[in-house]
Amino acid sequence: MNQARSPKEIAFLILLAQTLTGSLVAILFFYFSDFESARSSFIGSTIAVLTSLHLLSVLFNKREKKPKSIVNTLYLLEAFKFVLTALFFITAIILLKAIFFPLIIGYSVAIFIYWLSLLIT
């Protein structure tokens, strides 16, 4: 019989899927391009994983029970996630000298996996 997974287990599996897919894309960039492209792609997927990790960790720490409070928290967390993502991108481009195209591809693939996972579960 299939046993339902706990929310924390689902969150872990989503983060694992993002990490593995991001690593695979970085390996493909390394194989078809160069190390800097692979590094940039990995940084992009890491940005997606870190922002997802932050959102999920805050969600699991909240003890609100009212549905309206939960929805409001989700909206605020998603807004903060956008700001955090922008800051990570600025840091990656300016300080880490990441190449934009692989960076955005790595990020996009990891975010796609995040949303796809939410649809599947």
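## Salt bridges

In this predicted model, Arg5 has a relative accessibility of 48% and counts as partly exposed. Arg5 forms a salt bridge with Glu9, and the closest N and O atoms of the two are 3.0 Å apart. Glu9 is likewise partly exposed, its relative accessible area being 34%. Both values fall in the partly exposed class because that class lies between the 20% limit for buried and the 50% limit for exposed residues.

The count of salt bridges comes to 2. A further pair joins the side chains of Arg39 and Glu36, with an N to O distance of 3.1 Å. These two residues both belong to helix H2 and are 3 residues apart, about one turn of the helix. Arg39 is partly exposed at 25% relative accessibility, and Glu36 is partly exposed with a relative accessible area of 33%. Side chains of opposite charge can pair when their charged atoms come close.

## Largest pocket

The largest pocket holds about 160 Å³ of space. Its lining consists of 10 residues, of which Pro7, Ile10, Leu56, Phe60 and Leu118 are the closest to the pocket centre.

Three helices each supply at least two lining residues: H1 (7–32), H2 (35–61) and H4 (100–120). The largest share of the lining, 4 residues, comes from H1.

Terms used: Residues numbered from 1 in each chain as written. Predicted model: local features only at pLDDT ≥ 70, side-chain atom pairs only at ≥ 80, totals over all residues. Heavy atoms only, no water. 1 Å grid on protein atoms, 1.4 Å probe; cavity = no way out; pocket = protein on both sides within 12 Å on 5 of 7 lines; lining within 4 Å. Points joined across faces, edges and corners; volume = space filled by probe spheres on them. Salt bridge = Lys/Arg side-chain N within 4 Å of Asp/Glu carboxyl O. Buried < 20%, exposed > 50% of the residue type's maximum accessible area, 1.4 Å probe, protein only.
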